[in-house]
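User: Hi! I am new to reading protein structures. Could you walk me through this one, step by step?

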Amino acid sequence: MPNPTENADLAVSPPKNQRGPGAIGRWVDRFLIGCLVLVVAILTATSAPAVLGRPFGGTMLLTHMMASGALVFGLPVFAFAMIRHFLPQHPIARSHAAGFLLTVMAGLLTIASVFACMLPIPSTDQMHRLMQVHKIAGLTMTPAIVLLLIGLRLTRSASHHHS
């Protein structure tokens, strides 16, 4: 006969104020999404002169370059952290999936196009074309993130049980 005190720990539930790993994961998701939104907002705002055909330099360019470093580091972290939402046990809204994939693809294309410009391989004409790709891919990130946020909201709403 088993000793009742050996299994006593199994019968005790954790305190209500103790949060499980699911709550931590949600906070990490919110932090990463918040950082991504902030960085893309800064990049979009600082690129306004170039998008409008004005000279792009000085403080705006410096701020754009600093925020781009955050994107180069943060986008892969965001992608790897959020990819778990694509597991079968986590059904997500199609707009969530589309927003995530579009954000990551546009971000990678934005990064790759500037990286290619820094290499000694492309001609001046090719660099101008790469910068057009960079501009279009970068501007695509804003609606992609909006789609991602809408999808996250729909996924969250669908996962809550309503009475």
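This is a predicted model: local features need pLDDT of at least 70, side-chain atom pairs count only at pLDDT 80 or more; totals for chains, interfaces and linings use all residues.

User: How many salt bridges does the count come to?

Analyst: For a salt bridge, a side-chain nitrogen of Lys or Arg has to be within 4 Å of a carboxyl oxygen of Asp or Glu. Asp29 pairs with Arg84 in this way, and Arg129 pairs with Asp125. The count of salt bridges comes to 2.

User: How many residues apart in sequence are the parts that Asp29 and Arg84 tie together?

Analyst: Start with the contact itself: the closest N and O atoms of Asp29 and Arg84 are 2.9 Å apart. Asp29 belongs to helix H2, while Arg84 sits in the loop between H4 and H5. The pair therefore ties together parts whose separation in sequence is 55 residues.

User: In which helix do Arg129 and Asp125 lie?

Analyst: The closest N and O atoms of this salt bridge are 2.6 Å apart. Arg129 and Asp125 are 4 residues apart, about one turn of the helix. An α-helix has 3.6 residues a turn, so residues three or four places apart point the same way. The helix that holds both Arg129 and Asp125 is H6.

User: Which elements give two or more residues to the positive patch?

Analyst: This surface patch of positive charge gathers Arg26, Arg30, Arg153 and Arg156. Arg156, for example, lies in helix H6, and Arg156 is partly exposed with a relative accessible area of 41%. The elements giving two or more residues to the positive patch are helix H2 (21-46) and helix H6 (124-159).

User: What accessible area do Val51, Leu52 and Leu139 have together?

Analyst: These residues form a nonpolar patch on the surface. Leu52 is found in the loop between helix H3 (48-51) and helix H4 (58-82). With 56% relative accessibility, Leu52 counts as exposed, because the cut-off for exposed is over 50%. Together, Val51, Leu52 and Leu139 have an accessible area of about 240 Å².

User: How far does helix H5 reach from its first C-alpha to its last?

Analyst: Helix H5 covers residues 94-118, which gives 25 residues. At 1.5 Å a residue, the expected reach is 36 Å. From its first C-alpha to its last, helix H5 reaches 36 Å.

User: What distance separates the C-alpha atoms of Val146 and Gly99?

Analyst: Val146 counts as partly exposed, at 44% relative accessibility. Along the chain, Val146 and Gly99 are 47 residues apart. Their C-alpha atoms are separated by 7.5 Å.

User: What pattern does the chain follow, read along the sequence?

Analyst: Let us finish with the whole chain. Its secondary structure comes to 6 helices and 0 strands. Of its 163 residues, 27% count as buried. Read along the sequence, the pattern is α-α-α-α-α-α.

Definitions and conventions:
Residues are numbered from 1 along each chain as its sequence is written. Side-chain values use heavy atoms; hydrogens and water are left out. Patches are made of residues with over 30% relative accessible area and no salt bridge: like charges are joined within 9 Å, nonpolar side chains (Val, Leu, Ile, Met, Phe, Trp, Tyr) within 5 Å. Accessible areas come from the Shrake-Rupley method with a 1.4 Å probe; for residues, only the protein chains shown count as cover. Lys and Arg count as positive and Asp and Glu as negative; His and the chain ends are not counted. The place of a charge is taken as NZ of Lys, CZ of Arg, CG of Asp or CD of Glu. Buried means under 20% relative accessible area, exposed over 50%, partly exposed in between (1.4 Å probe, protein chains only). The expected span of a helix is 1.5 Å times one less than its number of residues.
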